[in-house]
Amino acid sequence: IVKEVPSVPETISSNPVPNGFTILSLTKIGLTTLEVLRIIALKLNLNNSQVRCLGLKDEDGLTEQIISIEGTLSKEEIENTRTWCTKVVEPNVVRLELYGYSPKPLEVKKLHGNLFNIRLRDLTKAQATKLHSSLRDAQSHTF
């Protein structure tokens, strides 16, 4: 599981902005970020450059990130886009939720980083004990 930690501009608000951008929370699995952005642009009749992200996520994990879409989308338009994307990409998953509105689009690489939740399977008891012991005092790791 990968969750993007955005460096969110202070300009994001809960109210639509004239000539602004809609900021959405995107959760996906089975598709790359670019694939989802192209699908959303197609649905909304936008150029690919009008749908932006902070960073790219692959298709292998469950990922969460925010994206910006040029224009002000109503909650109904967001729901229609989410429903349409879900049908188009089955069996993959795409979820969209309103995050806010901004006078500016998101800029690539304007993020603090990513949080990873990694599940290890099939460890022996000795391996699990050694791992637990070596990480006992660490709450997080930064790379």
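This is a guided tour of the structure above, one selection at a time.

**Before you start**

The model is predicted, so local features are described only where pLDDT is at least 70, side-chain atom pairs count only at pLDDT 80 or more, and totals for chains, interfaces and linings use all residues. Residues are numbered from 1 along each chain as its sequence is written, and side-chain values use heavy atoms, with hydrogens and water left out.

**The whole chain**

Show the chain as a cartoon. There are three helices and six strands; helices (H or I, at least four residues) and strands (E, at least two) are DSSP runs, numbered from the N terminus. Along the sequence the pattern reads β-β-α-β-β-α-β-β-α. The C-alpha atoms fill a box of roughly 60 × 35 × 20 Å, taken along the principal axes.

Switch to a surface view. The accessible surface is about 9600 Å², and 51% of it belongs to carbon and sulfur atoms; accessible areas come from the Shrake-Rupley method with a 1.4 Å probe, and for residues only the protein chains shown count as cover. Of the 143 residues in the chain, 31% are buried. Buried means under 20% relative accessible area, exposed means over 50%, and partly exposed is in between (1.4 Å probe, protein chains only).

Contact means heavy atoms within 4.5 Å. Among the contacts in the chain with a separation of 6 or more, 80% are between residues 24 or more positions apart.

**The nonpolar cores**

Select Ile40, Val51, Ile67, Ile69, Val94 and Leu96. These residues have the most contacts inside the largest nonpolar core, which has 18 residues. A nonpolar core is a set of buried Ala, Val, Leu, Ile, Met, Phe, Trp, Tyr and Cys residues joined through side-chain atoms within 4.5 Å. At least two residues of this core come from each of β2 (21-29), α1 (33-43), β3 (51-53), β4 (63-70), α2 (75-89) and β5 (93-102). Helix α1 gives the largest share, five residues.

Now centre on isoleucine 69. Apart from neighbours within four places in sequence, isoleucine 69 is in contact with Phe21, Thr22, Leu24, Ile40, Leu44, Leu46, Gln50 and Val51. Next, select Ile12, Ile23, Ile66 and Leu106, which are included in a second, separate core of five residues.

**Serine 68**

Go to serine 68 in strand β4. With a relative accessible area of 1%, serine 68 is buried. A polar atom of its side chain lies 3.0 Å from the backbone nitrogen of leucine 106. Not counting residues up to four places away in sequence, serine 68 touches Thr22, Ile23, Gln50, Val51, Arg52, Pro105 and Leu106.

**The salt bridges**

Show the charged side chains. How many salt bridges does the structure hold? There are three, a salt bridge being a side-chain nitrogen of Lys or Arg within 4 Å of a carboxyl oxygen of Asp or Glu.

- Select lysine 3 and glutamate 64, whose side chains meet at 4.0 Å, N to O. Lysine 3 is in strand β1 (residues 2-6) and glutamate 64 in strand β4, so the pair ties together parts 61 residues apart in sequence. Lysine 3 is partly exposed at 41% relative accessibility, and glutamate 64 is partly exposed at 27%.
- Select glutamate 4 and lysine 57, with a distance of 2.9 Å, N to O. Glutamate 4 is in strand β1 and lysine 57 in the loop between β3 and β4, 53 residues apart. Both residues are buried.
- Select arginine 82 and glutamate 79, with a distance of 2.3 Å, N to O. These two are separated by about one helical turn, because they are three residues apart in helix α2.

**Aspartate 58**

Move to aspartate 58, in the loop between β3 and β4. Is aspartate 58 buried or partly exposed? Aspartate 58 counts as partly exposed because its relative accessibility is 41%. Its C-alpha atom is 6.6 Å from that of threonine 33, 25 residues apart along the chain. Beyond its neighbours within four places in sequence, aspartate 58 is in contact with Lys28, Leu31, Thr32 and Thr63.

**The surface patch**

Finally, select Phe116, Ile118, Leu120, Leu123, Leu131 and Leu135. These form a nonpolar patch on the surface, with about 580 Å² of accessible area together. Patches are made of residues with over 30% relative accessible area and no salt bridge; like charges are joined within 9 Å, and nonpolar side chains (Val, Leu, Ile, Met, Phe, Trp, Tyr) within 5 Å. Leucine 135 is in helix α3 (residues 125-135) and counts as partly exposed, at 35% relative accessibility.

Terms used:
Polar contact = N/O pair within 3.5 Å; in protein donor to acceptor, adjacent residues only side chain to side chain.
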